[in-house]
Amino acid sequence: ENFDIDGTWRLREKDIGLTVDSKGTLYDGKSVASSGELMEALLSRPTPLLRTFTENLMAYALGRRVEYFDQPAIRDIVREAKENEYRISSFIIGVVTSDQFRLRTAASVTAIQ
């Protein structure tokens, strides 16, 4: 929250001058008040973070939203990436070799172009 749109650190909201409130609550109810606490919380339970990352990567590659029927592939990609120490290349290869990516219909490919 302390970073503005161009990545500059800020302590106050530009338009209204109020102090930036970077406190929040995660989906599991854990409160975080700093970037250090956020990092600690995310690293304590990496699976949701890794799955979300993979979902976003797949959505970008497919040019569509990830649906419930894509979840088994997402889980497989994360599981395989773990065997390769979560290298970014493992996620990319997992996405491009997935059935979702390789077996897109002609209509969906045409819509992307």
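Which residues does Leu 26 touch, not counting residues up to four places away in sequence? Select Leu 26 and look for Val 32, Leu 38 and Ala 41; contact here means heavy atoms within 4.5 Å.

A note on the model first. This is a predicted model, where local features need pLDDT of at least 70, side-chain atom pairs count only at pLDDT 80 or more, and totals for chains, interfaces and linings use all residues. Residues are numbered from 1 along each chain as its sequence is written, and side-chain values use heavy atoms, with hydrogens and water left out.

**Stop 1: the loop.** Stay on Leu 26. It lies in the loop between strand S1 (24–25) and strand S2 (31–32). Strands (E, at least two residues) and helices (H or I, at least four) are DSSP runs, numbered from the N terminus.

**Stop 2: two helices.** Select H2 (residues 46–62) and H4. Their axes, lines fitted to C-alpha atoms over the stretch in contact, are 10 Å apart at an angle of about 50°. Angles run from 0 to 180 degrees between N-to-C directions. Show the side chains next. From H2, Leu 50, Phe 53, Thr 54, Leu 57, Met 58 and Ala 61 meet Ile 88, Phe 91, Ile 92 and Val 95 of H4.

**Stop 3: H4 again.** Select residues 88–96, helix H4. Ile 88 is found here.
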